[in-house]
Amino acid sequence: MADVARLAGVSHQTVSRVVNGHPNVREETVLRVRRAIDELGYHRNSTARALVTRRTNTLGVIAFDTTLFGPAQTLAGIERAAREAGYFLSMVSLDDVSPDGVATAADYLIQQSVEGCVAIAPQRSLVEALAALSGPRPLVTVEGGEGSGLPVVCVDQVQGARDAVHHLLGLGHTTVHHIEGDPLWLESEARVVGWRRALEEAGAPVPEPLQGDWSPRSGYELAFSLVERRAAGERVTAIFVGNDQMAIGVLRALHEAGLNVPGDVSVVGFDDVPEAEYLTPSLTTVYQDFAQVGRESLALLLGEIDRNGSADRIARRVVPARLRVRGSSGPPPP
């Protein structure tokens with residue numbers, strides 16, 4: 001920075017003001033400083049800046065199973081929001097959600113001197129392990145459920161599931177069967193709650209849900225069990241599937257069984273993956289705004305950092321889910 005100041009013929013403080021976007025610098029001075037920066041190839045030294053300001057501008061992220069669409073898109077949303085706010089991210093991807101595995105991840109982030117941390121915490125055991133940690137703090141969880149004592153940002157999974165089921169019942173279906181995701185996941189649990197609540201509100205029968213694992217194969221295999229029940233006389237005309245990957249497997253199984261979607265069976269998924277709109281038929285599904293989740297998570301974390309843990313209540317922000325009606329849902333057959 002001193003070299004830039006000498007070349008531009010200004011003070012070290014002026015260079016600092018230009019680099020940090022201070023408004024009270026003349027335009028011609030800004031241009032002269034930026035020309036010097038370009039000529040010298042100057043880049044700010046984040047380590048030196050941290051020594052002066054005692055701020056690292058680095059946030060930690062603890063994530064689990066980012067191979068799945070939801071966690072991957074949540075992570076991308078957090079990264080974009082952090083970059084826009086001028087923060088770096090240091091991320092740990094967990095394979096082991098045991099207390100020891102979570103503690104090891106937290107120690108790594110503490111060594112990186114992160115100012116706070118966001119944890120993508122879809123499983124209850126992971127949330128419990130995070131709540132038991134002494135650091136890093138502040139800590140915000142994404143999809144962390146309730147009762148953990150930690151700030152949380154989540155999509156309204158229950159409402160999204162209710163909207164999906166009410167949509168199908170409104171088309172005339174007498175009940176809606178459900179293929180749930182991994183039962184250890186909080187999102188799967190919440191979607192089951194929303195599905196069941198919508199059926200009970202309508203006075204409709206509540207079939208036993210089938211347990212999947214988020215994969216297309218589990219949706220494919222479980223759909224065949226529903227096809228068999230249909231062949232045995234059970235009225236299976238609508239299926240609410242816990243995520244779009246499983247719904248893709250369901251669509252394939254119904255096609256192989258010679259059933260028309262939505263003429264014979266309607267299918268609704270959850271997530272709105274990019275492929276959903278281009279399937280045959282296009283998939284009715286519940287959209288989650290992962291970019292908004294990222295922005296809300298970062299805003300909540302930065303607020304906790306500014307308050308230095310002085311908040312007297314546990315913050316909770318809920319992002320609405322939205323049903324997107326497409327070609328895979330329609331009235332039941334006569």
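Me: Which residues of α9 are buried?
Reply: In this predicted model, the buried residues of α9 are L186, E187, S188, A190, R191, V192, G194, W195, A198 and L199.

Me: What covers them?
Reply: The cover over the buried residues of α9 includes α7, α8 (157-170), β6 (177-180) and β8.

Me: How far apart are the end C-alpha atoms of α9?
Reply: They are 25 Å apart. At 1.5 Å a residue, the 17 residues of α9 should span 24 Å, so the two values agree.

Me: And what comes after α9?
Reply: G203 follows α9. The phi of G203 is positive, near 70°.

Me: Let's look at W195. Where does it lie, and is it buried or exposed?
Reply: W195 lies in helix α9, residues 186-202. W195 counts as buried because its relative accessibility is 0%, and the cut-off for buried is under 20%.

Me: What does W195 touch?
Reply: Leaving out residues up to four places away in sequence, W195 touches A161, V165, V176, H177, H178, V206, P207, P209 and F240.

Me: How far is W195 from G303?
Reply: Their C-alpha atoms are separated by 34 Å. Along the chain, W195 and G303 are 108 residues apart.

Me: New topic, the sheet. What is the strand order?
Reply: The order is β2-β1-β3-β4-β5-β11. It is an open sheet of six strands, with parallel pairing.

Me: Which strands stand at the edges?
Reply: β2 (88-94) and β11 (316-319) do. Each has a single partner strand, so one side of each is left without a neighbour in the sheet.

Me: How much are neighbouring strands turned against each other?
Reply: By 20° on average, direction ignored.

Me: How many bridges pair β1 and β3?
Reply: Three. Strand β1 (residues 58-64) and strand β3 (residues 117-120) pair in the parallel sense. V61 has V118 in β3 as its bridge partner.

Me: Which strands does helix α6 touch?
Reply: Helix α6 (residues 99-111) packs on the sheet and touches β1, β2 and β3. The direction of α6 makes about 160° with that of β2.

Me: OK, the largest nonpolar core. Which residues touch the most other members?
Reply: L130, I179 and V267. The core has 48 residues.

Me: Which elements give two or more residues to this core?
Reply: They are β1, β2, α6, β3, α7 (124-131), α10 (216-231), β8 (238-241) and α11 (244-256). α11 gives the most, with six residues.

Me: What does V267 touch?
Reply: V267 touches I239, V241, A247, V250, L251, L254, V261, L283, T284, S328 and S329. That does not count residues up to four places away in sequence.

Me: Last one, cysteines. How many disulfides are there?
Reply: The count comes to zero. For C117, the nearest cysteine sulfur is that of C154, 18 Å away. A disulfide needs sulfur atoms within 2.5 Å. C154 is in no disulfide either.

Me: Are C117 and C154 buried or exposed?
Reply: C117 is buried, with a relative accessible area of 0%. C154 counts as buried too, at 7% relative accessibility.

Notes
Residues numbered from 1 in each chain as written. Predicted model: local features only at pLDDT ≥ 70, side-chain atom pairs only at ≥ 80, totals over all residues. Heavy atoms only, no water. Pairing = 2+ DSSP bridges. Helix = DSSP H or I, 4+ residues; strand = E, 2+ residues; numbered from the N terminus. Axes fitted to C-alpha atoms, helices over the stretch in contact; angles between N-to-C directions. Contact = heavy atoms within 4.5 Å. Core = buried A, V, L, I, M, F, W, Y, C linked by side-chain atoms within 4.5 Å. Buried < 20%, exposed > 50% of the residue type's maximum accessible area, 1.4 Å probe, protein only. Expected span 1.5 Å × (residues − 1).
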